[in-house]
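The entries follow the order in which I looked things up.

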Amino acid sequence: MEPERSLRLSIWEGTLAILFLNWSTGVIVTGYALALGASPQALALLGALPFLAQLLAPLALFLRGSRKALVVRLNFLSRLLFLPAALAGFLPEDLRVPSLLLFAGLSQLLAAPVGVLWLSWMADLVAEERRGRYFGFRNALLGLVGTLGNLMGGMVADRLPPPTGYQVILLVGVGAGLLSVLLLRLQSEPPESPPPPAWKALGIAWRDLAYRRYLVLVFLWYGAVMVGGPYVVPYFIRVGGLSMTEVGLWTVISATSGLLFGPMWGRVADREGHKVVLFRTGMVAALMPGLWLLGSSALPWPIWLSALADALAWSGLGTALVNAALAHAPKAARGGYLALFWLALGLGGLGGSLGASGLSRLSSEPSPYHLPILASTALRLLVALGLRRLTP
C-alpha cells in the first residue's frame, strides 16, 4: 500500500494547504494590504517576506527528530500565528499595515524550515524516475485549486466592503491550512539514515562546484523575478483596470492551462532532464512581463494573454528548479543541498524586493509599477540566457 497511499494523501493535503499559502502570500493578501492603505514600499516588503523567511531554511539541519513530526508542528504553529494578521483590519488605522506585516512575517519565519524537511521526506517517498511526472501533476493540480480559491476570494472581496471580504477569505484559509495538518499526520515517513552533522552536510553541498554555480543562477533568477513581482497584482488593478474577481479569473486561466502544461513538462523532464525544462520555461517567464507592460484598462487583452504564458512558464519552472537541486544531491547530504537552495532562493527574492522598493521611488509615471516591471523583464532575460549553460 505504501508509498501510494501516502502519495495520494499528499495530493489531498496539498489542495488544502495551497489555499492557505496562496491567500496568505499571494493576490488576496496583496489586495488586503491595498485595502488597508499599504504604500508601494510596504507592498514590496510584503512581497519580500516569503524570501526573508527562507533565510532561516538552513535551521532545518539543526532540528533533530522525525521530519514528519517537525513539519506537522511547524505548520500548525505558523498557520495559527497568521490569525492576528487576518484580524489587523480591526485595529486603529496607523497600526493595520504594520500589524499585517509583523504577523505575516512571523508566520512565514516559523514555517521556514518546512521546505527542507518536507522535500527531504517526499524525496524518500517518490522514486527518482517518477518525480517529474508526480510533482508535475501535483503542482499543476494544486495550482488550479489555489487559483480557483483566488477567484472565489476575489468575488467575496468585491462583494463585501473592504477590508471585510479579505478578512473572511484569510480566516477560511487559516482553517484550511490547519485541516491540511491533520492529513500530514496520516502520511507515512520512510526510515531515514542518520543525517551527517548540519555543518558537514552544508560543507559537502558548498564544496560541490557545479552546485554552487547552480545556486548563483537560482539567486539571480529570483532576484530578477522579485524586482517586479510585488507589483504585478497592483499593476493589474490600478493600471489594467481589473477587479479582484477578474484577477482571480486570470489566475484560474493560468492554473487551468497549467494542468495541461505541467504534465507535459514533467514528461520532458523525465525524458530530457530538468535542465532542459529550466532553460525553455525560463525564456517564457523572462519574456512574459512584456505582455503586462503592453496592457492597460483601454487594452486589456495582453494581460489576459499573459495568463497562458504564466502557465506555460511556471507549470514547469518551479518544479524543475527543485528537482534539479535534488538531482545534484547525494542522499546522505540531501538536507545540506536543499538548505542552500532555499537560502539562495530567499536571498535572491529579498534582494529583488529591496530593488523593487527603490525603483518604485524613482518614477511615478505612468505608474510607480512600470519601471520595476521593465527592469525585471530585462534581468529575467539575462539570467534565462545563463540557464542555457546548464543544458546538455
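Below are my entries on helix packing, then on rings and charges.

**Basis.** I am working from a predicted model, in which local features need pLDDT of at least 70, side-chain atom pairs count only at pLDDT 80 or more, and totals for chains, interfaces and linings use all residues. Residues are numbered from 1 along each chain as its sequence is written, and side-chain values use heavy atoms, with hydrogens and water left out.

**H1 and H8.** I took helices as DSSP runs of H or I with at least four residues, numbered from the N terminus, and axes as lines fitted to C-alpha atoms over the stretch in contact, with angles from 0 to 180 degrees between N-to-C directions. The axes of H1 (residues 4-25) and H8 (residues 131-159) come within 9 Å and cross at roughly 40 degrees. H1 is therefore oblique to H8 (angles under 35 degrees count as roughly parallel, over 145 as roughly antiparallel, 65 to 115 as roughly perpendicular, and the rest as oblique). The crossing is right-handed, a term for the near helix being turned clockwise from the far one by less than a right angle, with anticlockwise being left-handed. For contact, meaning heavy atoms within 4.5 Å, I noted residues including Leu7, Glu13 and Trp23 of H1 and Tyr134, Arg138 and Met152 of H8. By class, this contact has 11 nonpolar, 8 polar and 2 charged residues, where Ala, Val, Leu, Ile, Met, Phe, Trp, Tyr, Cys and Pro count as nonpolar, Asp, Glu, Lys and Arg as charged, and the others, Gly among them, as polar.

**H2 and H9.** I found that the axes of H2 (residues 27-35) and H9 (residues 164-186) come within 9 Å and cross at roughly 145 degrees, in a left-handed crossing. Ile28, Gly31, Tyr32 and Ala35 of H2 meet Tyr166, Gln167, Ile169 and Leu170 of H9, and the contact has 6 nonpolar, 2 polar and no charged residues.

**H14 and H18.** H14 (residues 274-287) and H18 (residues 370-387) pack at about 170 degrees with axes 8 Å apart, and are therefore roughly antiparallel. Their contact has 10 nonpolar, 2 polar and 1 charged residues.

**Rings.** My search of the whole structure returned 13 aromatic pairs, a pair being rings of Phe, Tyr or Trp (its six-membered ring) with centres within 6.5 Å. Ring pairs link Trp118, Tyr134 and Phe135 into a cluster. I also noted that the charged end of Arg212 sits over the ring of Trp206, 5.2 Å from its centre (NZ of Lys or CZ of Arg within 6 Å of the ring centre and within 35 degrees of the ring normal).

How values were computed. Helices (H or I, at least four residues) and strands (E, at least two) are DSSP runs, numbered from the N terminus. Rings of Phe, Tyr and Trp (its six-membered ring) pair if their centres lie within 6.5 Å; planes under 30 degrees apart count as stacked, over 60 as edge-to-face and the rest as tilted.
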